[in-house]
Amino acid sequence: MAKKKASPAAEPAVAAEGYTVLARRYRPQQFADLVGQEPVVQALANAIETNRVAHAYLFTGARGVGKTSAARILAKALNCVQGPTTKPCDECEICRSIAVGEDVDVLEIDGASNRGIDEIREIRQNVQYRPSRSRYKIYIVDEVRMLTPAAFNALLKTLEEPPAHVKFIFATTEVQKIPVTILSRCQRFDFAGISTARIVQRLREVVAGENMEADNDALELVARRAGGSMRDAQSLLDQLLSFGGDRLTSEQIHHMLGTAHDDRILALASAVVERDAKRALELLGQAAGEGLQLGEFLDQMLDYWRDLMVIKCAGAEAQDLSVPERQRPTLASQAEGLSLDTILAGLDVLSTTKARLRGSSHPRVLLEMALVRLGRLDNLESLSNLANLLKAGVSGKERGTVAGQGGNATPAVRPQVSAASRPREVATPPEGSKKNSLTTPETLGSPGNSQITPDSIGQLWREVLGQVGPMLGSELSKAEIPAIFGPNALVIRFPVGYNSKREYCQQPANIARVEAALRSITGQNYSFRIEVLGDASLSKVRLPEDADSTQSRYRRQRTEAMNEPLVKRAIEVLEAQLVDVDEGFGGAPMAAPDKEEEPDSEEA
Ligand SMILES: [Zn+2]
């Protein structure tokens with residue numbers, strides 16, 4: 001996952017004293033130099049070799065991944081005196097002038113500054129004329145998304161009937177802003193973000209080329225901060241090298257950027273995981289005293305918690321983590337000691353803090369609160385283990401009548417409360433075996449008829465929450481556990497007051513993500529929907545006077561629900577209250593255990 005870290009001096013430029021920035025000096029000149037874009041390179045080379053070069057290309061991808069470089073290389077490949085060739089000579093006059101962007105027949109147009117209809121009209125008139133010395137007249141339009149609608153229309157006319165001697169290469173970071181009419185007339189190539197390892201490799205070559213030295217940690221740090229952009233990485237490296245010193249170290253970088261050293265983040269995370277709030281606060285105070293940027297620091301903590309989540313889900317072979325290689329074992333052992341729910345809740349705490357930090361005049365307090373809250377998240381584990389606990393601890397003999405609203409736990413069962421709140425001592429099956437038990441036919445029914453059952457749904461839902469990403473997972477976790485609704489359908493409800501969370505989760509893309517997660521976990525197609533709690537009065541015990549039959553049915557359902565072991569135990573252990581019984585819930589009627597949750601209104 002790419003981190004978006006803005007780094008200064010994004011666009012290569014020549015400084016006043018004739019110094020050419022690294023990103024420009026080390027700009028790739030051959031297809032083979034385009035790091036991390038092998039599929040694109042292969043396709044372009046094939047097109048050239050088989051003489052099937054399209055008349056318009058669209059290069060899309062994040063900034064600094066090589067789109068413009070690829071456009072220039074393609075232009076050289078087509079126009080080189082020895083071409084068309086997949087290996088332009090880089091020596092002829094044409095290759096050399098294209099490389100610096102000054103060729104008469106290869107026109108580079110910046111869509112951001114030439115976005116009007118007049119500029120495009122000019123192109124339209126000029127395409128009629130043959131190239132002055134090369135095979136093709138090539139237009140490279142950078143940031144084509146910035147063109148005005150009128151300009152796009154004018155461009156379209158040209159694209160519909162292009163003269164044979166004209167090629168267009170468009171580059172854009174945001175393909176969704178390009179009109180479909182234009183898209184359909186281009187061959188599109190998607191440039192991938194470049195992996196940290198590939199960037200490090202390239203940076204090492206650059207450092208060697210500059211006769212400098214750099215620690216591996218330092219280069220890794222630069223590459224990680226660039227978030228997949230080779231140009232950003234080289235720009236940052238450029239700045240860092242210009243600060244002098246014979247050898248670039250990660251300490252220097254952290255010092256210059258005001259970021260915390262990886263070891264410091266690790267130490268702090270360890271303090272939090274070990275629930276040592278005192279030490280966590282000390283470490284934060286120490287860092288703040290040394291001029292650490294608190295916003296950057298929070299970002300680093302977020303990255304760290306994201307790593308915990310990834311490694312928890314993907315295991316030791318997880319890719320693309322933000323921590324350096326050498327810290328992975330520690331990260332892995334921390335992840336092992338935490339439940340996924342706790343990690344997700346931690347991400348929630350950190351991202352909420354990030355939102356609050358903006359414009360706050362007391363950032364340090366907010367960060368301290370976040371650290372302390374992270375250290376107290378253990379309580380959540382008892383919730384996530386509850387279902388297992390219930391399965392293990394409750395048998396049919398406990399069946400009896402629970403009378404009244406049932407909010408108060410009876411003293412007799414109190415001792416079990418303390419057992420539940422020490423989740424580390426509760427024997428739970430390891431993560432792996434839980435997964436297996438969920439997907440085996442015993443719990444899901446025979447392969448041809450693998451239904452989610454009320455018994456398996458709690459566990460399944462936690463896995464779904466783990467798969468849909470931290471944001472959606474955290475919002476969905478505010479809702480009740482889903483009810484099975486029809487043969488292959490799940491439905492969830494949010495408690496009253498959670499409208500914004502519900503609306504977020506209801507977005508079609510998010511529904512699709514949940515359905516995809518259900519499919520990948522169960523191997524079955526499930527439809528998923530979120531019910532709007534239209535009639536809030538039903539969720540209260542007070543019912544309309546004249547609705548006698550409804551009321552008696554509701555009473556009966558309540559009594560049945562109260563006799564469910566899960567509900568009884570939730571009431572005992574969590575001092576929960578039975579709020580509502582839904583007809584669709586079958587064997588798993590709902591209680592409302594989330595006492596600690598804040599409704600929307602309290603989140604600024
Ligand atoms: Zn050439």
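Colleague: Hi! Let's start with the metal. Which residues are the protein donors of the zinc ion?

Modeller: Hi! This is a predicted model, so keep that in mind throughout. The donors are the SG atoms of C80, C89, C92 and C95, lying 2.3 Å from the zinc ion.

Colleague: How are those donor residues spaced in sequence?

Modeller: The spacing reads C-x8-C-x2-C-x2-C. C80 sits in the loop between α3 (67-79) and α4 (93-99), while C95 is in helix α4, so the pair ties together parts that are 15 residues apart in sequence.

Colleague: Nice. And what geometry does the site of the zinc ion have?

Modeller: Tetrahedral, with angles of 102 to 122 degrees among the 4 donor atoms. For four tetrahedral donors, the ideal angle is 109.5 degrees.

Colleague: Are C80 and C95 buried or exposed?

Modeller: C80 is buried, because its relative accessible area is 0%. C95 is buried too, also with a relative accessible area of 0%.

Colleague: What about C186, buried or exposed?

Modeller: C186 has 13% relative accessibility, and buried means under 20%, so C186 counts as buried.

Colleague: While we're on cysteines, how many disulfides does a search of the whole structure find?

Modeller: The search finds 0 disulfides.

Colleague: OK, changing topic to helix α13. How many residues does helix α13 have, and how far does it reach?

Modeller: Helix α13 covers residues 277-289, which is 13 residues. From its first C-alpha to its last it reaches 18 Å, close to the 18 Å expected at 1.5 Å a residue.

Colleague: Which residues of α13 are buried?

Modeller: Those are A280, L283, L284, G285 and A287.

Colleague: And what covers the buried residues of α13?

Modeller: Their cover includes three other helices: α12 (262-273), α14 (294-314) and α17 (363-375).

Colleague: What comes after α13?

Modeller: G291 follows α13, and the phi of G291 is positive, near 85 degrees.

Colleague: You mentioned α14. I've been looking at Q300; where does Q300 lie?

Modeller: Q300 lies in helix α14.

Colleague: Is Q300 buried or exposed, then?

Modeller: Q300 counts as buried, because its relative accessibility is 13%.

Colleague: So which residues does Q300 touch?

Modeller: Leaving aside residues up to four places away in sequence, Q300 touches H254, T259, A260 and I265.

Colleague: Great, thanks!

Methods:
Residues are numbered from 1 along each chain as its sequence is written. This is a predicted model: local features need pLDDT of at least 70, side-chain atom pairs count only at pLDDT 80 or more; totals for chains, interfaces and linings use all residues. Side-chain values use heavy atoms; hydrogens and water are left out. A disulfide is a pair of cysteine sulfur atoms within 2.5 Å. Buried means under 20% relative accessible area, exposed over 50%, partly exposed in between (1.4 Å probe, protein chains only). Donors are N, O and S atoms within 2.8 Å of the metal (3.2 Å for Na, K and Ca); water is not among the atoms, so sites may look incomplete. Four donors count as tetrahedral if all angles lie between 85 and 135 degrees; four count as square planar and six as octahedral if opposite donors are over 155 degrees apart and all others between 65 and 115; anything else is irregular. Helices (H or I, at least four residues) and strands (E, at least two) are DSSP runs, numbered from the N terminus. The expected span of a helix is 1.5 Å times one less than its number of residues. Contact means heavy atoms within 4.5 Å.
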